Amino acid sequence: MEKKLILKKDKYKSARGGYSRLLNLHCRKCKHVFVVYQKDGPGNLRRLYMDRIMAPEKLVGLQRKNIKDVLPIKCDNCGFIVGMPYIYQKEKRKAFRVFQDAIVKSIKKLK
Ligand SMILES: [Zn+2]
């Protein structure tokens, strides 16, 4: 059974208007869903904040690692590299800088 995903509510969410949704992020190449992500507020996905990655389990909690120990994020099905780890200075927040057009997104319905 799939684990129930609960949206995070914190200062980052409030800073973006307090509205969030869950997205399935698909690899552009093979369409595999490689991450479930909480997107706060409007706008495009230019970066993936590590603290907003909800699944898979092995990619959850990366924000607690040293940035130097975080590997580029890639599709676990075909190996396509989607983004590179960095620190988003404005918020001092760990994230992946996403390559342009690397991701296709779709809305994930909350059960
Ligand atoms: Zn892929």
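These legends walk through a few close-up views of a predicted model. Residues are numbered from 1 along each chain as its sequence is written, and side-chain values use heavy atoms, with hydrogens and water left out. Because the model is predicted, local features need pLDDT of at least 70 and side-chain atom pairs count only at pLDDT 80 or more, while totals for chains, interfaces and linings use all residues.

**View 1. Four cysteines hold the zinc ion.** The SG atoms of C27, C30, C75 and C78 coordinate the zinc ion at 2.3 to 2.4 Å. Donors here are N, O and S atoms within 2.8 Å of the metal (3.2 Å for Na, K and Ca); water is not among the atoms, so sites may look incomplete. Why is the arrangement called tetrahedral? The 4 donor atoms subtend angles of 102 to 116° around the zinc ion, and four donors count as tetrahedral if all angles lie between 85 and 135 degrees. For comparison, the ideal angle for four tetrahedral donors is 109.5 degrees.

View 2. C27, in strand β1 (residues 20-27), and C75, in the loop between β5 (73-74) and β6 (81-88), are 48 residues apart and link distant parts of the chain. Strands (E, at least two residues) are DSSP runs, numbered from the N terminus. C27 counts as buried because its relative accessibility is 0%, and C75 is buried too, at 2%. Buried means under 20% relative accessible area, with a 1.4 Å probe and protein chains only.

**View 3. An open sheet of 4 strands.** Follow the strands in the order β3-β7-β6-β5, with antiparallel pairing. The edge strands, β3 (47-49) and β5, each pair on one side only. Two strands pair if DSSP finds at least two bridges between them. β3 meets β7 (residues 93-98) over 3 bridges, with Y49 partnered by A95 and L48 opposite F96. Between β6 and β7 there are 6 bridges, and M84 stands opposite R97.

**View 4. Around strand β7.** Is this strand mostly covered or uncovered? β7 is mostly covered, with 5 of its 6 residues buried. In the hairpin of β6 and β7, 4 residues lie between the strands, and K92 takes a positive phi near 50°.

**View 5. Two arginines over tyrosine rings.** The charged end of R93 sits over the ring of Y12, 3.5 Å from its centre. R97 lies over the face of Y86, at 4.0 Å from the ring centre. A charge sits over a ring if NZ of Lys or CZ of Arg is within 6 Å of the ring centre and within 35 degrees of the ring normal.

Conventions: Four donors count as tetrahedral if all angles lie between 85 and 135 degrees; four count as square planar and six as octahedral if opposite donors are over 155 degrees apart and all others between 65 and 115; anything else is irregular. Buried means under 20% relative accessible area, exposed over 50%, partly exposed in between (1.4 Å probe, protein chains only).
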